[in-house]
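Please consult the sequence and structure shown below while reading.

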Amino acid sequence: MPQAHPDPLDLLLFPTWLVPIEPAGVVLKDHAIGIYQGRIALILPHEQAKALKADRSLQLPGMMLTPGLVNGHGHAAMTLFRGLADDLPLMSWLREHIWPAEAKWVNEAFVRAGTELAVAEQIQGGVTCFSDMYFYPEIVSQVVHAFGVRAQIAIPVLDFPIPGARDADEAMRKGVELFDDLKHHPRLSVAFGPHAPYSVADSKLEAIRTLVAEMDIGIHMHVHETLHEVEEAVRNDGERPLARLARLQLLGPRFQAVHMTQVAEQDVELLVEHNCSVIHCPESNLKLASGFCPVERLWEAGVNVAIGTDGAASNNDLDLLGETRTAALLAKAVAGSATALDAHRALRMATLNGARAFGLDDCIGSLEVGKFADMVAFDLSGLAQQPVYDPVSQLIYSCSRDCVRHVWVGGKQLLDDGKLTRMDEEHIIKNAWEWAEKIKAR
């Protein structure tokens with residue numbers, strides 16, 4: 001029986017392959033997807049869909065349509081520090097280079113220019129939703145609002161002054177105000193982003209726990225990023241950082257543990273018990289020699305594992321498709337098994353698992369009727385993608401972000417045949433060069 005549908009539809013797409021993500025492992029050949037008022041109205045075989053009326057129909061031969069990619073962790077404005085301090089261990093990189101540069105240069109104009117650059121890069125790479133943990137979050141929200149993407153804004157909280165907040169209390173107060181401003185926004189959500197266990201005191205974490213319970217929002221936090229972090233916590237406090245967070249009652253279904261390169265059995269038990277999500281950032285962790293997140297071990301235990309790029313200052317790109325390929329390959333080496341994190345699960349990690357980590361899996365992350373039409377069309381017709389046996393495997397192992405042709409968020413097209421529809425690429429690049437000239441002259 002044909003699905004019920006509005007007449008006419010706003011948009012009707014005819015890709016060669018459609019990967020809904022849910023149900024898992026399914027690839028639909030020669031199926032169309034219909035969009036109405038920003039949401040998915042129907043998914044039908046081409047022959048049935050050809051009879052439907054739509055304001056716009058688009059043939060996508062040789063292309064695969066998937067949900068938009070979800071970047072689980074990043075610091076968007078740090079694109080302006082891309083390449084500033086490379087080939088250094090985490091704490092040297094932070095204390096000797098990044099934190100001094102941020103103290104000198106980060107202001108509202110910096111965050112606006114850097115976030116615009118990050119949003120444009122991510123759209124061109126098929127990212128429709130991202131999490132951002134950086135200073136002046138109200139500026140980030142303005143950029144996201146203006147250019148049509150979707151984002152979780154994680155309010156940064158540290159024990160010392162940061163750009164835009166004199167102390168943790170002011171950061172939290174401003175976070176509550178931003179939440180109140182955005183709580184009805186269709187594309188923006190707010191979380192609290194205490195930086196890391198070593199940079200936020202118990203009293204502030206307890207205050208955050210109270211706020212997130214009242215506001216029903218998530219906590220996004222760097223946790224177990226390096227062996228040094230864990231060893232120092234055990235030496236100073238007698239407990240692992242994740243255990244401390246559990247004692248403080250911060251863990252739960254909306255807790256997003258970023259990195260988790262150091263995972264003992266008791267850590268897995270806590271993550272499972274509290275139904276936490278882990279955000280895996282493989283390329284940043286590799287570049288900083290921080291360690292390896294045991295993705296397959298966590299997945300088999302039932303932990304929701306999503307994927308993030310981290311910031312462009314430590315990666316040095318925001319290419320989530322490339323990140324997903326690295327994650328799939330690294331998972332096999334870490335697990336010692338060629339079957340670990342197969343291509344279909346890797347794509348799920350980059351879509352629905354990210355949405356679930358943000359508490360958005362009821363509205364994005366898979367192509368299902370009723371969900372928002374956040375979609376990416378990947379072109380698999382190129383020479384380097386031939387022949388196509390399994391298009392998902394081809395996407396993960398043979399494609400680059402250059403294969404991204406079209407991007408929609410809530411049914412609105414943000415990338416049309418590789419061209420940004422709402423952003424001025426030349427202006428963004430010019431801004432980046434101007435900032436670079438100032439920073440280089442420091």
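## Burial and surface

Of the 442 residues of the protein, 61% are buried (under 20% relative accessible area; exposed is over 50% and partly exposed lies in between, with a 1.4 Å probe and protein chains only). The accessible surface amounts to about 17200 Å², and carbon and sulfur atoms contribute 51% of that area (Shrake-Rupley method, 1.4 Å probe).

The model is predicted: local features need pLDDT of at least 70 and side-chain atom pairs count only at pLDDT 80 or more, while totals for chains, interfaces and linings use all residues. Residues are numbered from 1 along each chain as its sequence is written, and side-chain values use heavy atoms, with hydrogens and water left out.

## Overall dimensions

Along the principal axes, the C-alpha atoms fill a box of roughly 65 × 45 × 45 Å.

## Secondary structure

The protein contains 16 helices and 17 strands (DSSP runs: H or I of at least four residues for helices, E of at least two for strands).

## Cysteines

The structure holds 0 disulfides (a disulfide is a pair of cysteine sulfur atoms within 2.5 Å). The sulfur of C276 lies 13 Å from the closest cysteine sulfur, in C293, and is therefore too far for a bond. C293 is likewise in no disulfide, its nearest cysteine sulfur, that of C281, being 9.0 Å away.

C276 is buried at 1% relative accessibility, and C293 is buried with a relative accessible area of 3%.
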